[in-house]
Amino acid sequence: MVGPLGSGGSGVASGSAGIKELLSRKEPAVWVFTGDDITQGAAHTKGTRSYVEHFAERVRWELKRMRDLVINTGVSGEKTDGILADIDWRILRHKPDVVSIMLGTNDCTLGPVGQALFKKNLTNLVNKVMGAGAIPVLNTPNTVYLKNAETRGDLPAYAQVVRDVAQATKAVLVDHYNFWETSQPDQEQLLAWLDDEQLHPGPIGHRALARQLFTVLDIFADDSPVCQLELQ
């Protein structure tokens, strides 16, 4: 028997196929987004929508899934160990069907010696999410303006850890880092997507995050106002 949606045991397939199945059902789904200040979307969005809010409009309004719940539990400055310690409150209590995790921008300040711990923590997070019956979505962080973000010099290696964990656990991967690096390879051009000339996406950057999320989850559409927001 297929379990009810939003029960931490939705009874759907895993990965991208599971998300596609969720979106095809009439029953409402619970989507939890967690991470650091990039996911929280405060301050640097300048009063505009964060990528999580763009996602909510796409799913709850444009796709007419009005009863779906989109919950944002991102916290500024957060790392993997903080979310692991608070996973019951931030994630599991909501009985999610899908959990989107974007971490690494703060974890990478530990440098090369922190990569093993990051991988261990991220793997534990994914396993706990799957153990609760939810579909994990792992997001690599966006690229940063290295001239003003020297402490994030190891971010490329941490982004690769996210890719490795996604592959090992068969979690859905949204590779923002690769999309940003390909779309804005010039560091000076990258500033248009950042608010602080450092590492936090501004309004356009959050549109870019949302667009890549829509593309990977196969909910991008040419006739969607949210999907067609300009990236310049």
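Biologist: What volume does the largest cavity have?
Modeller: A cavity is a set of points, on a 1 Å grid over the protein atoms alone, where a 1.4 Å probe fits but cannot get out. Grid points are joined across faces, edges and corners, and a volume is the space filled by probe spheres set on the points. Two cavities of 30 Å³ or more are counted. For the largest cavity, the volume is about 40 Å³.

Biologist: Good to know! What kind of model is this?
Modeller: Residues are numbered from 1 along each chain as its sequence is written, and side-chain values use heavy atoms, with hydrogens and water left out. Local features need pLDDT of at least 70 and side-chain atom pairs count only at pLDDT 80 or more, while totals for chains, interfaces and linings use all residues, since this is a predicted model.

Biologist: Which cysteine is part of the lining of the largest cavity?
Modeller: A lining residue has an atom within 4 Å of a point. Around the largest cavity, the lining includes Arg207, Arg211, Phe214 and Leu231. The cysteine among the lining residues is Cys227.

Biologist: And how many disulfides does the count give?
Modeller: A disulfide needs a pair of cysteine sulfur atoms within 2.5 Å. Cys108 is buried at 1% relative accessible area, and Cys227 is buried with a value of 1%; buried means under 20%, exposed over 50%, and partly exposed in between, with a 1.4 Å probe and protein chains only. The number of disulfides counted is zero.

Biologist: Let's turn to the pocket. Which helices each supply at least two residues of the lining of the largest pocket?
Modeller: A pocket is an open set of grid points with protein on both sides within 12 Å along at least five of seven lines. The largest has a volume of about 160 Å³ and 13 lining residues, with Thr143, Val144, Tyr177, Glu181 and Gln187 nearest its centre. Helices are DSSP runs of H or I with at least four residues, strands are E runs of at least two, and both are numbered from the N terminus. Those that each give at least two lining residues are α7, α8 and α9.

Biologist: How far apart are the end C-alpha atoms of helix α7?
Modeller: The expected span is 1.5 Å times one less than the number of residues. Helix α7 covers residues 155–169, which is 15 residues, so it should span 21 Å. The model agrees with that, as the end C-alpha atoms are separated by 21 Å.

Biologist: Which residue just after α7 takes a positive phi?
Modeller: Within α7, the buried residues include Leu155, Tyr158, Val162 and Thr169. They are covered by elements including α6, β4, β5 and α8, through contacts, meaning heavy atoms within 4.5 Å. Just past the helix, phi is about 65° at Lys170.

Biologist: Is strand β1 largely enclosed or open, and how many of its six residues are buried?
Modeller: In a regular strand the side chains alternate between the two faces of the sheet. In β1, Val30, Val32 and Thr34 point one way, with Trp31, Phe33 and Gly35 pointing the other, and all of them are buried. The strand is therefore largely enclosed by the rest of the structure, with a buried count of six of the six.

Biologist: Which residue of β3 is the bridge partner of Phe33?
Modeller: Two strands pair if DSSP finds at least two bridges between them. Strand β1 runs parallel to β2, with four bridges, and parallel to β3, with five. Trp31 has Val98 as its partner in β3, and the partner of Phe33 is Ser100.

Biologist: On the other pairing of β3, which residue of β4 partners Ile101?
Modeller: Strand β3 has five of its five residues buried. Five bridges join β3 to β4 in the parallel sense. The β4 partner of Ile101 is Leu138.

Biologist: How far is the C-alpha atom of Pro136 from that of Glu188?
Modeller: Pro136 sits in strand β4 and counts as buried, at 5% relative accessibility. Beyond four places in sequence, Pro136 touches residues including Val99, Val126 and Ala171. Glu188 is 52 residues away along the chain, and the two C-alpha atoms are separated by 34 Å.
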